[in-house]
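Here is a friendly briefing to read alongside the coordinates. Please keep the viewer open as you go through the topics below.

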Amino acid sequence: MTDPLARKVLSCCLAQDMLPPGGLVLCAVSGGRDSVALLHLLSALAGEVGFQVAAAHFNHQLRPTADRDEAFVRDWCRGCGIPFTCGRGDVGAFARREGLGVEDAARRLRYAFLETTAADMGADRIATAHHREDNAETVLLHLLRGAGMQGLGGIAPVRGRIVRPLLEISRAEIDAYVKQNALSYVEDESNQDARFTRNRLRLEVLPLLEEISPGCAGRIAAAAAVLREEDGHLRREAEALLPAARDGAMDLPVPVLRGQDKPVRRRLVRAMGRQLGVELTKSQTEAVLALKNGGCLDLPGGLCAIRKPHRLSIRKRPDLPPPLVLQAGEQDWGPWRITLRRSDGPAEEGPDRVVLRDGGGLTVSAWDGTGRLTVENGSRTIKRLFADAGIPIERRREHPLLLLDGKPAAVFGVAVDWNCRPREGEACWVVGIEGCAFLP
């Protein structure tokens with residue numbers, strides 16, 4: 001192989017195990033200069049390493065020229081004998097539905113398409129055309145957003161099956177390769193729209209930085225590589241302190257947490273969330289660390305954090321049934337059997353039996369973390385009543401709550417609001433529950 005760029009790309013790929021001998025690499029191709037150059041390079045390297053290449057294009061349907069780009073890539077692949085797959089999605093509608101920015105929505109749909117296509121084709125790798133300046137732009141963008149070490153590490157050369165063979169290649173080197181090989185490509189006119197932050201960084205900020213300090217894009221990318229290595233090391237060190245997840249929960253002894261510096265504590269909390277499938281943000285991580293003994297915090301992905309005297313837990317919440325309007329007789333609510341009967345005389349209460357006045361609609365629901373009940377010694381939060389009754393923090397959100405006309409009226413085994421109790425001689429409702437193993 002005589003082409004110097006191809007040799008450089010091959011060296012980078014071999015160092016990172018990007019090209020699987022005997023496997024299939026799916027190349028993401030927008031039709032622009034960088035992705036066309038990558039597909040051309042991979043085609044040249046395929047015979048050298050012994051892998052196969054296929055191409056995938058995602059039509060974002062955001063520009064009038066989107067169909068032109070799709071047709072260009074299809075024709076280009078047909079002319080080169082490269083297997084081609086195309087997908088499309090309504091990015092605008094997806095962005096509005098999910099409350100996302102257009103760029104973020106496009107990226108999510110594009111990568112979902114690439115992962116699905118790779119799985120369907122049995123591709124070992126997905127190659128994207130990110131290069132050195134893209135990496136520098138990403139670092140600057142993350143810096144402006146206040147990212148930590150992980151964000152300032154920029155674009156990883158390998159993430160799962162996604163690989164970036166051009167990540168150490170400059171834009172100038174790609175330009176020269178395209179010109180030398182007379183490669184045709186299409187221009188995405190939205191790349192010149194400076195209203196987008198990343199475009200403005202590429203069009204205005206990076207050129208100015210290069211004028212002030214020539215070669216700075218390469219140094220920014222090199223610094224990002226160092227940060228990625230150090231971030232990976234610290235992440236592994238933190239994860240080594242964690243016990244294995246059990247039954248959808250991670251439990252960390254408080255002495256282990258207190259024995260670490262704050263940066264390691266943050267990593268421990270993020271690692272706990274990560275092992276349960278959720279990447280916690282900086283603010284969410286800090287909120288978990290700020291929990292006091294007895295505190296509980298809802299987290300994304302159906303997780304919750306619970307602080308007890310001797311351990312910090314992050315666990316998946318059980319799927320809770322929706323609120324149910326009760327009818328006379330028996331009914332199932334989640335794993336529990338609820339009975340409702342009317343009584344014209346006095347009725348006895350108990351841990352699994354609540355007596356309420358007859359005067360409105362009754363609903364059973366999971367506790368939402370709010371509300372108060374009036375009890376013998378005054379108005380108390382339901383949270384406080386749970387604590388007084390010794391109900392474990394992790395079981396409170398699934399503990400059945402009764403509402404009378406939409407307002408909290410009683411918590412089984414904990415308390416009944418005095419304003420909802422029947423007066424002497426009044427008819428009443430008797431609500432019973434079966435299956436609450438955590439009732440006293």
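Which residues does arginine 164 touch, not counting residues up to four places away in sequence? They are Met18, Tyr111, Thr128, His130, Ile155, Ala156, Pro157 and Arg159, where a contact means heavy atoms within 4.5 Å. Before going further, please note that this is a predicted model, in which local features need pLDDT of at least 70 and side-chain atom pairs count only at pLDDT 80 or more, while totals for chains, interfaces and linings use all residues. Residues are numbered from 1 along each chain as its sequence is written, and side-chain values use heavy atoms, with hydrogens and water left out.

**Arginine 164**

- Arginine 164 sits in the loop between β6 (162-163) and α8; helices (H or I, at least four residues) and strands (E, at least two) are DSSP runs, numbered from the N terminus.
- This arginine 164 is buried yet has no salt bridge. Buried means under 20% relative accessible area, exposed over 50%, and partly exposed in between, with a 1.4 Å probe and protein chains only.
- The nearest side chain of opposite charge to arginine 164 is aspartate 134, 8.9 Å away; Lys and Arg count as positive and Asp and Glu as negative, while His and the chain ends are not counted.

**Helix α6**

- With 13 residues (132-144) at 1.5 Å a residue, α6 should span 18 Å, and its end C-alpha atoms are 19 Å apart, which agrees. The expected span is 1.5 Å times one less than the number of residues.
- Glycine 146 follows α6 and has a positive phi, near 80°.

**The four-stranded sheet**

- Four strands form an open sheet in the order β7-β10-β9-β8, with antiparallel pairing; two strands pair if DSSP finds at least two bridges between them.
- At the edges are β7 (249-253) and β8 (296-299), each pairing on one side only.
- From one strand to the next, the twist averages 15°.
- β7 and β10 (residues 311-316) run antiparallel and are joined by five bridges. In β10, isoleucine 314 is the bridge partner of methionine 250.
- Helix α12 (residues 262-275) packs on the sheet, touching β7, β9 (303-307) and β10, and its direction makes about 25° with that of β10. Axes are lines fitted to C-alpha atoms, for helices over the stretch in contact, and angles run from 0 to 180 degrees between N-to-C directions.
- Helix α13 (residues 282-289) lies across β8, β9 and β10, running at about 160° to β8.

**Salt bridges**

- The structure holds 33 salt bridges, each defined as a side-chain nitrogen of Lys or Arg within 4 Å of a carboxyl oxygen of Asp or Glu.
- Glutamate 173 and lysine 8 form one of them, with the closest N and O atoms 3.1 Å apart. This pair links distant parts of the chain, 165 residues apart, with glutamate 173 in helix α8 and lysine 8 in helix α1 (residues 4-15).
- Glutamate 173 counts as partly exposed because its relative accessibility is 26%, and lysine 8 does so at 31%.
- Aspartate 104 pairs with arginine 108 in a salt bridge whose closest N and O atoms are 3.4 Å apart. Because they are four residues apart in helix α5 (residues 102-121), aspartate 104 and arginine 108 are separated by about one helical turn.
- Glutamate 279 and arginine 274 meet through their side chains in a salt bridge (2.8 Å, N to O); glutamate 279 is partly exposed, at 45% relative accessible area.
- A network of salt bridges links Asp67, Glu70, Arg74 and Arg88.

**Backbone points to check**

- Most residues other than glycine have a negative phi.
- Aspartate 17, in the loop between α1 and β1 (24-28), has a positive phi of about 55° although it is not a glycine.
- Aspartate 247, in the loop between α10 and β7, has a positive phi of about 50°. At 83% relative accessibility, aspartate 247 counts as exposed.
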